[in-house]
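User: Could you take a close look at one helix for me, and then show what lies around it and beyond? I'd like the cut-offs too, please.

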Amino acid sequence: MSLIIVLFAFGLSAAAGFDGVTEPINQAKIGFTVPGKIDSIWVKEGAFVRKGDTLMNLVKTEEELKARITKITAKDTSSIVSARVKMETYEKDWQVTKKLFETSNSISAEQLWEKEMNFRIAKEEWEAAKVSKSRDSLEYRMARAQLQKQYLLAPFDGEIVSIAKNNSESVEALEPIIEIADVRTCRMTAYIIVNKADRLKVGQTVKLSLNGSSKTRTKKGTIEFISPVVDKASLLRTVKVIFDNSNPSIEPGVTGKILLP
């Protein structure tokens, strides 16, 4: 920090307070994790949305078709049922033949071995059918996951600050497209002289003086964080204060002061 900031912190701000800047506690610029072309935009700038709301989606025809196809395959259990019936039939035939072999001379060892082999092969086919069905289920889940990537959802409750793209425009993976902020709860970050900060503790209530276009506003806030280290050059500690802004009367981004006794 510059010498001017240090002198201001030790001098004028010691009586009036310590300068800080405000921000929403939740704010993010979000985008899709896959590239594509925008199909629909479901919200407008300034709209309030809830966590999980759909904000935008890409063209998703191919992904929808793949999800439908894999769903049909995953739901079809006929191969497993058929393999199980075949296995059970061969098992009964083998058991009957085994009893006859043990109680009479009408069945040869070769016939018994053949019946047992038929059962063993049918059992392997049933096991393979179950594995194949598990793979089909996984492919369906993967197709569903890929389809979900075509939707951009709100990560938290908040207001749409800006939308950087229009319908039919192409987007790249991880390209910031929508900015969302929850201004109902805000945070002020300030740098406080060490001998003042030492008297503070997390959870303590403090008074805030916040600047505005026409007048200064006051708020009460709760200390959320006090840096465990002190800046060597300035002997200042970072302090973060959370305050309620559900009115909302404060525009996040404005400056102000943390007022200390």
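Analyst: Happy to! Let's start with helix 5, where Leu112, Phe119, Ala122, Trp126, Ala129, Lys133, Asp136, Tyr140, Ala143 and Leu147 are buried (under 20% relative accessible area, with a 1.4 Å probe and protein chains only). Helices (H or I, at least four residues) and strands (E, at least two) are DSSP runs, numbered from the N terminus. This is a predicted model, in which local features need pLDDT of at least 70 and side-chain atom pairs count only at pLDDT 80 or more, while totals for chains, interfaces and linings use all residues. Residues are numbered from 1 along each chain as its sequence is written, and side-chain values use heavy atoms, leaving out hydrogens and water.

Helix 5 covers residues 109–148; at 1.5 Å a residue its 40 residues should span 58 Å (1.5 Å times one less than the number of residues), and the 59 Å between its end C-alpha atoms agrees with that. The cover over its buried residues includes helix 3 (61–75), helix 4 (78–103) and strand 5 (151–153).

Isoleucine 41 has methionine 56, in strand 4, as its bridge partner.

How values were computed:
Buried means under 20% relative accessible area, exposed over 50%, partly exposed in between (1.4 Å probe, protein chains only). Contact means heavy atoms within 4.5 Å. Two strands pair if DSSP finds at least two bridges between them.
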